[in-house]
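Please open the structure in your viewer and keep the selection panel at hand. The tour goes from one selection to the next.

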Amino acid sequence: MPVDTVANRNSWNFGGTGTVNFSQVGLSNWAAGGQNSMSVLGILNLYGNYKKGKNTWNNTLDLTYGSVKLEEQRLRKSDDRLELNLKYGRQASSKWFYTGQLNTRTQVSPTYSPARDSVLSNFMSPAFILASIGMDYKPNPKLSVFLSPFTGKFTAVLSQRMADLGAFGVQAADRDIEGNLIPGTGERLRKEFGGFVNVRFRHEIFKNVTLQSKADLFSNYLHNAKNIDVNWENLLDLKVNKFLSASLFLHMVYDDDILIDVDRNGDGTVDGKGPRLQLKETMGIGFSYKFE
């Protein structure tokens, strides 16, 4: 029994990294103008991987949360992301694995409008869930390419108010004869079925400089299959020493079902909605710790 326990423990590999980045601007009699500000960004990446015989089980949890305080303004959230990924594989050949994967992305706390009179998003509003079956190609430890012809994509909006407005691509509420929304009739779950490609890459491009890239591509077989949903995340991590690091994160999203406020004629007034490429970039220097 003790031998089996040790063997089982050795089949698991746990670890992760935690980083806290700070930024501060202080001005006094600065002729060019500006605002005093302070911001903090926390990034936590945890993993638990299992490998025994032909079976593998990879689990990752990624959490990013940041806030910023501008002079004479209330504290505001600058970043918020929670992602859980579970992947089981059984080896088919030296580089191919039969694979099942479950991925969930959401946020931790509410995001308010600039006037703080309404909630724009919240925990599980939205949540993007992907359940996939396919093949995983792993030519080396740096690269994984997961191909799934059978994927269910679910967009959950648990807030009924947001669902009634048709937020994040769910079916909006019905309208009465006067054109007013009927509360409680919006669908809180959007279901799609299609093909999915997930590419993960991690490489130390220079000493103490690591690039992590993850791209998700999804095509809905049942509606506009040629329109590909894209989620692409890139993290460049620069390790100064055991405790100090710098990071650059770039996140790009395109989903033609998510409509963004747009100014079509350039007059400074929002006059419509449409699909747009969403971009987010964060950069910081701070404290880092590696869990082993």
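This is a predicted model: local features need pLDDT of at least 70, side-chain atom pairs count only at pLDDT 80 or more; totals for chains, interfaces and linings use all residues.

Residues are numbered from 1 along each chain as its sequence is written, and side-chain values use heavy atoms, with hydrogens and water left out.

**The largest cavity**

Two cavities of 30 Å³ or more turn up in a search of the whole structure; a cavity is a set of points on a 1 Å grid over the protein atoms alone where a 1.4 Å probe fits but cannot get out, and its lining residues have an atom within 4 Å of a point. Select R190, E192, F218, N220, H223, N224, N227, D229, D256 and D257, which line the largest cavity, a space of about 50 Å³ (the volume filled by probe spheres set on the points, which are joined across faces, edges and corners). Strands β10 (189-206) and β11 (209-220) each give at least two residues to this lining, strands being DSSP runs of E, at least two residues long, numbered from the N terminus.

D257 sits in the loop between β13 and β14 and R190 in strand β10, 67 residues apart, and both are buried, that is, under 20% relative accessible area with a 1.4 Å probe and protein chains only.

**The second largest cavity**

Next select E83, N85, Q101, N103, L130, F196, N198, R200, K214 and D216, the lining of the second largest cavity, whose volume is about 30 Å³. β10 provides the largest share of that lining, three residues.

Within this selection, K214 and E83 meet through their side chains in a salt bridge of 2.3 Å, N to O. K214 belongs to strand β11 and E83 to strand β4, 131 residues apart, and both residues are buried.

**One more pair**

Finally, select K153 and D255, whose closest N and O atoms lie 3.4 Å apart in a salt bridge. K153 lies in strand β9 (residues 143-156) and D255 in the loop between β13 (244-254) and β14 (260-262), so the pair ties together parts 102 residues apart in sequence. K153 and D255 are both buried.

Terms used
On a 1 Å grid over the protein atoms alone, a cavity is a set of points where a 1.4 Å probe fits but cannot get out, and a pocket is an open set with protein on both sides within 12 Å along at least five of seven lines; lining residues have an atom within 4 Å of a point. Helices (H or I, at least four residues) and strands (E, at least two) are DSSP runs, numbered from the N terminus. A salt bridge is a side-chain nitrogen of Lys or Arg within 4 Å of a carboxyl oxygen of Asp or Glu. Buried means under 20% relative accessible area, exposed over 50%, partly exposed in between (1.4 Å probe, protein chains only).
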